[in-house]
Amino acid sequence: MAFFLLLLLLLSSLTPHLDATISMRIGVNLGQLGDNIPAPARSIELIRRLRAKAVKIYDANATVLSAVSGTGLRVSVMLPNELIPSISSNQSLADAWISSQILPFYPNARIRYLLVGNEILSYYSLSNSTWPQLVPAMVNLKRSLRSHSIHNIKIGTTLAMDALNVSFPPSAGSFRADIAQSVIVPLLRFLKSTNSFYFVDVYPYFAWASNPSSIDLDYALFEGKPSKYYTDPGSGLLYTNLFEQQLDAVFAAMTRLGFGGVPIFIAETGWPNGGDLDQIGANIFNAATYNRNLVRRLSQKPPIGTPSRPGMVIPAMIFACITRT
């Protein structure tokens, strides 16, 4: 039931604003956890009704990839966190994973992104076992793809905003000291050398909900009045919404490490359409407002970008087509 409610929410909030250009920039995450989830073919049908052109899944599920084959949707697949250490240390295992998970569906399924792990830097229990293995795993998977003459699948990894130590003001953005040199620099070097993206999950809701007395709700929903805009004292740049403020903190952090030119891809963004009694602001109206305004913002022609990166195209995946239990 909730799956269809959320799809109707997306349809009603996005469809009137979609055109060919929007479709190329906006995609949808497809979750598979929960009860009463529609069959993948039905989910893909609903996503196509959104006129989106991309879908992101959290594994390389054969049933989903079969359902998406031949649809023309660009697909993002994911290598699970637990496979990173073994893939990083064994090229044969990387080759086997590509052979079993990618090759049976490519190119009928337009797989364009392979994400190695999901927010692994948010899990401190993985600091010794997995963090150092992230980039070596990416290198091995890239080598495997090239051995099959596959050059149009970008490899990256999804990180949360907590990879930053400082995110406010945006111009002061910096990565955490425990990962900056050991993980982020090798990652950004790999992304730059392969023309890939820094994939990041951005949720203005959480930043707003943690400090609603200081952050205006309308500012978080892209509807702030000029009196609620924010001027960064370090850069002098004017921000009209919290989303771009968060993105520019990431750009500033990358610039501090010498990789300011690496583009950003929004792997997840959205607003909760429901929550517990103490989760203020989590409702269908705000979720529809956020999604609608996000699509309008990212679909402008020419692209708006952000205050520190004007004109930059920023692809995004909206979270999520998934049931709630």
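This is a predicted model: local features need pLDDT of at least 70, side-chain atom pairs count only at pLDDT 80 or more; totals for chains, interfaces and linings use all residues.
Gly27 is buried, at a relative accessible area of 1%. Select Gly27 and show strand S1, residues 26-30, which contains Gly27.

Leaving aside neighbours within four places in sequence, they are Ala52, Ala54, Ala316, Met317 and Ile318. Pick Ala52 and draw the C-alpha to C-alpha distance to Gly27: 5.4 Å. In sequence, Gly27 and Ala52 are 25 residues apart.

**Into strand S3**

Keep Ala54 from that contact list. Ala54 stands opposite Arg74 in S3. Now select strand S2, residues 54-56, together with S3; the two pair in the parallel sense over three bridges. Trace the chain from S2 to S3. The path runs through helix H4, residues 62-68, and this β-α-β crossover is right-handed.

Is S3 enclosed or open? Strand S3 spans residues 74-79, and six of the six are buried, so S3 is largely enclosed by the rest of the structure. The cut-off for buried is under 20% relative accessible area.

Show the side chains of S3. Arg74, Ser76 and Met78 point one way. Val75, Val77 and Leu79 point the other way. In a regular strand the side chains alternate between the two faces of the sheet.

Move on to strand S4, residues 110-118. S3 and S4 pair in the parallel sense over six bridges.

**The cavity**

How many cavities of 30 Å³ or more does a search of the whole structure find? The search finds one. About 60 Å³ of space lies in the largest cavity. To see its lining, select Arg25, Arg297, Leu298, Pro303, Ile304, Gly305, Met312, Val313 and Ile314. Colour these residues by class: six are nonpolar, one is polar and two are charged.

**The largest pocket**

Last stop. The largest pocket holds about 530 Å³ of space. Its lining has 24 residues, and the closest to the pocket centre are Ala207, Ile215, Leu242, Gln245 and Gln246. Select those five, then bring in the secondary structure. Which elements give two or more residues to the lining? They are strand S6 (164-166), helix H9 (204-210) and helix H11 (242-256). Finish by colouring the pocket lining by class: 13 residues are nonpolar, six are polar and five are charged.

Key: Residues are numbered from 1 along each chain as its sequence is written. Side-chain values use heavy atoms; hydrogens and water are left out. On a 1 Å grid over the protein atoms alone, a cavity is a set of points where a 1.4 Å probe fits but cannot get out, and a pocket is an open set with protein on both sides within 12 Å along at least five of seven lines; lining residues have an atom within 4 Å of a point. Grid points are joined across faces, edges and corners, and a volume is the space filled by probe spheres set on the points. Helices (H or I, at least four residues) and strands (E, at least two) are DSSP runs, numbered from the N terminus. Ala, Val, Leu, Ile, Met, Phe, Trp, Tyr, Cys and Pro count as nonpolar, Asp, Glu, Lys and Arg as charged, and the others, Gly among them, as polar. Buried means under 20% relative accessible area, exposed over 50%, partly exposed in between (1.4 Å probe, protein chains only). Contact means heavy atoms within 4.5 Å. Two strands pair if DSSP finds at least two bridges between them. A crossover is right-handed if, with the strands pointing away from the viewer, the path from the first strand over the helix to the second runs clockwise.
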